[in-house]
Amino acid sequence: MAPNARLDHRDPLVFDTHELGRRPGALQRLTRTIDAPADLGIQGVIGVPEGAPVELELRLESVMEGVLVTGTARARAEGECVRCLEPVEQQLEADFQELFSYPDADDRGRVIAEPGDDAEDDEDRFFLEDGLFDLEPLLRDAVVLALPMQPVCQEDCQGLCSECGARLTDDPDHHHDAVDIRWAALQGLAGSLEDGEKDEMSGADAEAGVDEKQEK
């Protein structure tokens, strides 16, 4: 990733490495709790709610090429079960490690006259800018990798009934009587015939009653 040149030290995800003094082997450990930025996770599936606390533990190590950042992010993720659509919550722990290079050094730590000559290499690298680095891109990648692509409320979730939408885990014996569509029309015809026979019988009984009265 090419140098941003617009990092703000007041941003909670921007960190200062000046204390390391560009001395290979120097170490710095940091802890920080931040508010989760928007869309931290897998959009529409599961993620850390915007503004929720994210605990960061970082280890900054000065090396020849730049600063090696190793860390862990912990937070509470929320989503929806892909089988039954019930809410899902889980504790997230995402580990990450990345080298933030000095803009004026190559991959062996040697100072180069004109940094950024190799544009293709720059796109795959993270850079320090005035001793600052932005953790957000690295954090986002780590969180996505740590979250399940298909979250479930429980491993044996049975999902929903395809006919009525009932949650099958709550009612393991739930079922619907299957009707063979090949016989549905015949069943309807049989019902119509039975109704017709009943009407005929009712008419015959009525006529018999009239004849009986006339005979009397």
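This briefing covers the fold, the nonpolar cores and selected residues of the protein. The model is predicted: local features need pLDDT of at least 70, side-chain atom pairs count only at pLDDT 80 or more, and totals for chains, interfaces and linings use all residues. Residues are numbered from 1 along each chain as its sequence is written, and side-chain values use heavy atoms, with hydrogens and water left out.

**Overall fold**

- The protein has 3 helices and 9 strands; helices (H or I, at least four residues) and strands (E, at least two) are DSSP runs numbered from the N terminus.
- Starting at the N terminus, the order of elements is β-β-β-β-β-β-β-α-β-β-α-α.
- Among contacts with a separation of 6 or more, 63% are between residues 24 or more positions apart; contact means heavy atoms within 4.5 Å.

**Surface and burial**

- Of the protein's 216 residues, 30% are buried. Buried means under 20% relative accessible area, exposed means over 50%, and partly exposed lies in between (1.4 Å probe, protein chains only).
- The protein exposes about 14400 Å², and 47% of that area is supplied by carbon and sulfur atoms. Accessible areas come from the Shrake-Rupley method with a 1.4 Å probe; for residues, only the protein chains shown count as cover.

**Nonpolar cores**

- The largest nonpolar core has 34 residues, of which Val48, Val54, Leu56, Val69, Phe133, Leu135 and Leu139 touch the most other members. A nonpolar core is a set of buried Ala, Val, Leu, Ile, Met, Phe, Trp, Tyr and Cys residues joined through side-chain atoms within 4.5 Å.
- At least two residues of this core come from each of strand 3, strand 4 (46-48), strand 5 (53-62), strand 6, strand 7 and helix 2 (136-146).
- Strand 6 gives the largest share of this core, with 5 residues.
- Another core, of 5 residues, lies apart from it and includes Cys81, Cys84, Val88 and Val152.
- Beyond its neighbours within four places in sequence, Val69 is in contact with Leu58, Arg59, Leu60, Phe96, Gln97, Glu98, Phe100, Phe133 and Leu135.

**Buried residues**

- Thr72 belongs to strand 6 (residues 66-80) and is buried, because its relative accessible area is 13%.
- The side chains of Thr72 and Asp95 are joined by a polar contact of 2.8 Å. A polar contact is a pair of N or O atoms within 3.5 Å; within protein, one must be able to donate a hydrogen and the other to accept it, and residues adjacent in sequence count only if both atoms are side-chain atoms.
- Setting aside residues up to four places away in sequence, Thr72 touches Glu55, Leu56, Glu57, Glu93, Ala94, Asp95 and Phe96.
- Thr17 sits in the loop between strand 1 (14-16) and strand 2 (27-35), and its relative accessible area of 6% makes it buried.
- Phe126 is in strand 8 (residues 126-127) and counts as buried, at 12% relative accessibility.
- Phe126 and Pro137 are 11 residues apart in sequence, and their C-alpha atoms are 9.6 Å apart.

**Loop residues with positive phi**

- Asp39 is not a glycine, yet its phi is positive, about 60°. Asp39 lies in the loop between strand 2 and strand 3 (40-42) and counts as exposed at 56% relative accessibility.
- Leu85, also not a glycine, has a positive phi of about 70°. Leu85 lies in the loop between strand 6 and strand 7 (87-101) and counts as partly exposed at 47% relative accessibility.
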